[in-house]
Amino acid sequence: MSKLILILAAQILLLTTIASAGDGGDFASTMNPARLHNKEKLTHLRVYWHDIRSGQNPSSIMIQPPIKKYSSTYFGSITMMDNKLTSGVSINSTVVGQAQGFYAGAAQPELGFLMAMTFAFKTGEYNGSTITILGRNTVLSEVREMPVVGGSGIFRLARGHVELRTKLFDKKTGDAIVEYNCFVLHY
Ligand SMILES: *[C@@H]1O[C@H](CO)[C@@H](O)[C@H](O)[C@H]1NC(C)=O
Ligand SMILES: *[C@@H]1O[C@H](CO)[C@@H](O)[C@H](O)[C@H]1NC(C)=O
């Protein structure tokens, strides 16, 4: 009996969703939060991302320069990186992983990058696990947010978001230290 009611309720929910699909007014709704697996965990990680472009061993290298017309906003540029992630703001604090991927100038009139990178952790219980981040980074904003789109190992089926705050930017060298607060749901 109760099973039948459940099925009916699910069908009504589905019908309502389909019926309202053409209506631009309420294009999104949150459905059935009870489906959240109760074993799901929320992990918070705070790491510091070191974008070192200067010196003998840069960890971040521009492989495609910006289109000349947009050079001040770096539109069209692509920079590959294998940046250290540390537990403290100093580059000499414990290295907990590497940020591997690229950022590309994706905004014409302002400084805005598309970032696609994997945080590969290599310490303690996180050793060998990864999270993948994909999003928009307007670097001059005080706080930026990007989605965590997946993960591996401990972070299988991960989703979540990261919050970025620039801790240091050296105008002369282009080197930067950015704090990443990562909020990750996973099993
Ligand atoms: C990190 O260590 C190197 C080598 O010992 C040193 O030259 C550098 O100044 C240190 N940097 C910071 C920020 O402590
Ligand atoms: C992490 O795992 C790798 C590969 O299994 C191993 O070589 C390395 O020693 C581990 N590092 C730490 C800090 O546990």
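Are W49 and Y103 buried or exposed? I looked up both: W49 is buried, and Y103 is buried too. I took buried as under 20% relative accessible area and exposed as over 50%, with partly exposed in between (1.4 Å probe, protein chains only).

I was working on a predicted model, where local features need pLDDT of at least 70, side-chain atom pairs count only at pLDDT 80 or more, and totals for chains, interfaces and linings use all residues. Residues are numbered from 1 along each chain as its sequence is written, chains are lettered from A and ligands numbered from 1 in the order written, and side-chain values use heavy atoms, leaving out hydrogens and water.

**Rings.** I paired rings of Phe, Tyr and Trp (its six-membered ring) with centres within 6.5 Å; planes under 30 degrees apart are stacked, over 60 edge-to-face, the rest tilted. I got 10 aromatic pairs. W49 and Y103 make a tilted one, at 6.3 Å centre to centre and 50° between the planes. W49 sits in strand β1 (residues 41-51) and Y103 in strand β4 (residues 95-105), 54 residues apart. Strands are DSSP runs of E, at least two residues, numbered from the N terminus. Next I checked F119 and F121: edge-to-face, 6.4 Å and 85°. Both are buried. Ring pairs join W49, Y74, Y103, F113, F119, F121, Y126, F155 and Y180 into a cluster.

**E179.** I found E179 in strand β9 (residues 176-186). E179 is buried, at 9% relative accessible area. Its side chain makes a polar contact with the side chain of Y48 at 2.7 Å. Such a contact is a pair of N or O atoms within 3.5 Å; within protein, one must be able to donate a hydrogen and the other to accept it, and residues adjacent in sequence count only if both atoms are side-chain atoms.

Notes. Helix = DSSP H or I, 4+ residues; strand = E, 2+ residues; numbered from the N terminus.
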